[in-house]
Amino acid sequence: MYFVDNKGITDPRINLAIEEYLLKTMDVEKDPFLLFYINEPSIIIGKNQNTAEEINTDYVDSNGIHVVRRLSGGGAVYHDLGNLNYSFITVDDGDSFRNFRKFTEPVVQALQSLDVNAELSGRNDLMAEGRKISGNAQFSTRGRMFSHGTLLFDTEIEAVVSALKVSKEKIESKGIKSIRSRVANISEFLKEPMSVENFRHAILHSIFEGEENVRHYELTEEDWKNIHELSNERYGNWDWNYGKSPKFNIKHSHRFPVGGIDVRLQVEKGIVQDAHIFGDFFGVGDIAEVEQAIAGSKYERASLEEAIAGIDIPKLLGGITTEEFLKLIY
């Protein structure tokens, strides 16, 4: 495995571009890659989420917080300079996607070496003494994937509370009382204080089983040129990060074990004119395939069922069945 140094860049638009560039251009079949990055205050939106409903717009705007959509599914997360992010970039061998334990285990071991009693809990969270210290997400395309996560080391918890919205449905399904009570900084569990930079080195050296074993990959000038172009074209693009948010006259949502799914349909004269699907599920592929299939159909079960026939709903929507999806939208 190679470690890629991002040169201390804290702009989330560039760091997410580095991640995507490594995924799509490096020879991951020969060796996987590991990327670390720390972002200045930002909200990183899951690929399938409705940005406007995930953020506290007034707080975000007044505090100059970046809002950037990532490639992976899952929920919105808050990043700041007290937050270490990691990404394992590798082949999708058919057994790795949605296998969060495979990628979080080296991180758990690294945390345990610092006497932090960390463990994987639920779908994709790392917990310490019953409180969340890390969330993880994945993305797969063309036989390649990354599994990335955020480590709350010394983040501003009050900013997390103020910047993000948590839906009433999610609160009810998870029994969430408050972000403050269920989230913790890793620094709280350390016996001796350390900086986030020293924490970064400790995690890195543990994953590679010693500083002497760290294999570095240096990005070339051409690589950086391409990364900045990708950053501008995607992660600095308002359409990608926010998109247009039309009003829909039908809203159906449900929280499945694989995550929440929210369907918005605009129906006129019995015909679906427009369809959008949001959620924090982990799917493979482009959800637009389902949205486009539904648009133009009669709003009746038989027509909707026919429209999505042949589409791999479990793959695109994180594991729910076609029947479960039909019951959701109709």
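Q: Which side chain meets Glu 188 in a salt bridge?
A: That's Arg 131, with N to O at 3.2 Å. Keep in mind we're looking at a predicted model.

Q: Is Arg 131 buried or partly exposed?
A: Partly exposed, at a relative accessible area of 24%. Glu 188 also counts as partly exposed, at 45%.

Q: OK, what about Lys 7, which side chain does that one meet?
A: Glu 218, in a salt bridge of 3.1 Å, N to O. This pair links distant parts of the chain too, 211 residues apart. Lys 7 lies in the loop between strand S1 (2-4) and helix H1 (12-25), and Glu 218 in the loop between strand S11 (216-217) and helix H9 (221-235).

Q: Why does Lys 7 count as partly exposed?
A: Because its relative accessibility is 48%, and the exposed class needs over 50%. Glu 218 is partly exposed as well, at 45%.

Q: Switching over to Asp 11, what does that form a salt bridge with?
A: Arg 13, and the closest N and O atoms are 3.0 Å apart. Asp 11 is buried at 17%, whereas Arg 13 is partly exposed at 28%.

Q: How many salt bridges does the count come to?
A: 17.

Key
Residues are numbered from 1 along each chain as its sequence is written. This is a predicted model: local features need pLDDT of at least 70, side-chain atom pairs count only at pLDDT 80 or more; totals for chains, interfaces and linings use all residues. Side-chain values use heavy atoms; hydrogens and water are left out. A salt bridge is a side-chain nitrogen of Lys or Arg within 4 Å of a carboxyl oxygen of Asp or Glu. Helices (H or I, at least four residues) and strands (E, at least two) are DSSP runs, numbered from the N terminus. Buried means under 20% relative accessible area, exposed over 50%, partly exposed in between (1.4 Å probe, protein chains only).
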